Amino acid sequence: YLLLGTTTAQACPSPSSLAVASVTETLATVTVTVQQDQCDNVNFTMTLEPQYCYSGSSYVFTVQCELSEFLGTSIYACTSDEVSGSLRVKSCFGFPSGGVYTCEIENLDRGQSYTLGVATVSAGIESLPSTLDQGVVTEPVMPVNLTAMSSQTSTTSITVAWDAVGVAEEFLITATCQHADCEDKTSNFTWNDCQQDTTHTIRDLTPGAFYSVVVKAQSGSKESADSAAIMEQTVPVPPSNITFDLVNVTSLVVSWEEAAGVHDGYNLSCIQCEGEQGLDISLSRGESTYRYDGLTRG
């Protein structure tokens with residue numbers, strides 16, 4: 001067999017093409033094309049630079065190839081060192097004709113976006129870094145342990161918290177209104193350093209409405225599945241412009257303007273009333289007056 005990278009080999013040019021064939025949850029398949037008629041015996045240096053959470057660091061693989069026979073066909077079978085624990089080139093091979101090499105990189109971080117660059121090496125000489133950089137984005141993992149709580153200071157917001165699994169560029173929080181007369185809301189939460197608390201407040205909701213809330217992770221154009229949904233209600237708004245008009249010495253009419261948002265109706269309480277008048281009274285939505293009779297004079 002012929003061991004590539006001998007001292008007599010001619011240095012190879014930069015790869016003429018670099019492409020990402022496919023990406024699954026933790027595995028990327030990439031293809032590299034080198035003009036082999038201009039060089040002898042191709043080896044690779046592959047660089048993966050994470051874009052989220054670990055920006056500024058990079059993983060460098062040294063891929064060494066040997067010419068061998070497989071089922072009567074000459075191929076370049078390549079091996080690589082392992083970096084960052086289990087992150088490694090799972091397999092890599094190429095054909096003497098055509099100069100196309102197919103490599104699988106496994107154990108990538110879920111939800112991570114990498115910039116992939118490749119340079120060829122011959123006789124210990126590395127070509128200039130390829131300008132054919134490609135992005136590699138893996139699918140993020142669904143968030144877990146979602147909780148939601150209506151605001152204590154606002155009638156139009158819900159605060160959501162969850163646990164992230166792996167890496168993600170951002171999270172999409174969707175609140176789906178369970179009533180016909182209110183709108184759904186979607187908010188974006190950018191996870192700047194993958195260490196800050198994953199807590200976000202959804203604003204501009206409808207008072208008194210029930211919302212089904214879900215969260216999903218997003219990296220690049222890839223999204224995780226929705227988390228398990230959780231139900232939460234915003235605080236209802238009380239009616240406004242309440243007035244009291246005396247009808248006679250024992251009767252009183254209470255009037256009000258319709259409360260904003262979603263509600264089923266009103267509860268009236270007369271604290272100092274006696275007998276049946278002292279009981280709580282429930283009125284349906286749409287009513288805006290009630291008359292108390294038989295009150296005590298004075």
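The model is predicted, with local features requiring pLDDT of at least 70 and side-chain atom pairs counted only at pLDDT 80 or more, while totals for chains, interfaces and linings use all residues. Residues are numbered from 1 along each chain as its sequence is written, and side-chain values use heavy atoms, with hydrogens and water left out.

Strands here are DSSP runs of E with at least two residues, numbered from the N terminus, and two of them pair if DSSP finds at least two bridges between them. Strand 5 (residues 59-70) runs antiparallel to strand 6 (residues 73-80), with 8 bridges joining the pair. Within this pairing, Val63 lies opposite Ser80 of strand 6. The hairpin of strand 5 and strand 6 has 2 residues between the strands, and Leu71 adopts a positive phi near 55 degrees there. Strand 6 also pairs with strand 8 (residues 87-94), again in the antiparallel sense, over 3 bridges. Here Tyr76 faces Gly94 in strand 8.

Grid points are joined across faces, edges and corners, and a volume is the space filled by probe spheres set on the points. The largest pocket holds about 310 Å³. It is lined by 15 residues, of which Ile242, Val254, Asn267, Leu268 and Ser269 are the closest to its centre. Strand 21 (240-248), strand 22 (251-257) and strand 23 (265-268) contribute at least two lining residues each. With Ala, Val, Leu, Ile, Met, Phe, Trp, Tyr, Cys and Pro taken as nonpolar, Asp, Glu, Lys and Arg as charged, and the others, Gly among them, as polar, this lining comprises 13 nonpolar, 2 polar and no charged residues.

Ala259 sits in the loop between strand 22 and strand 23. With a relative accessible area of 5%, Ala259 is buried (under 20%, using a 1.4 Å probe and protein chains only). Leaving aside residues up to four places away in sequence, Ala259 is in contact (heavy atoms within 4.5 Å) with Val237, Pro238, Pro239 and Tyr266. Ala259 and Arg285 are 26 residues apart in sequence, with a C-alpha to C-alpha separation of 9.1 Å.

Note on methods
Helix = DSSP H or I, 4+ residues; strand = E, 2+ residues; numbered from the N terminus. 1 Å grid on protein atoms, 1.4 Å probe; cavity = no way out; pocket = protein on both sides within 12 Å on 5 of 7 lines; lining within 4 Å. Buried < 20%, exposed > 50% of the residue type's maximum accessible area, 1.4 Å probe, protein only.
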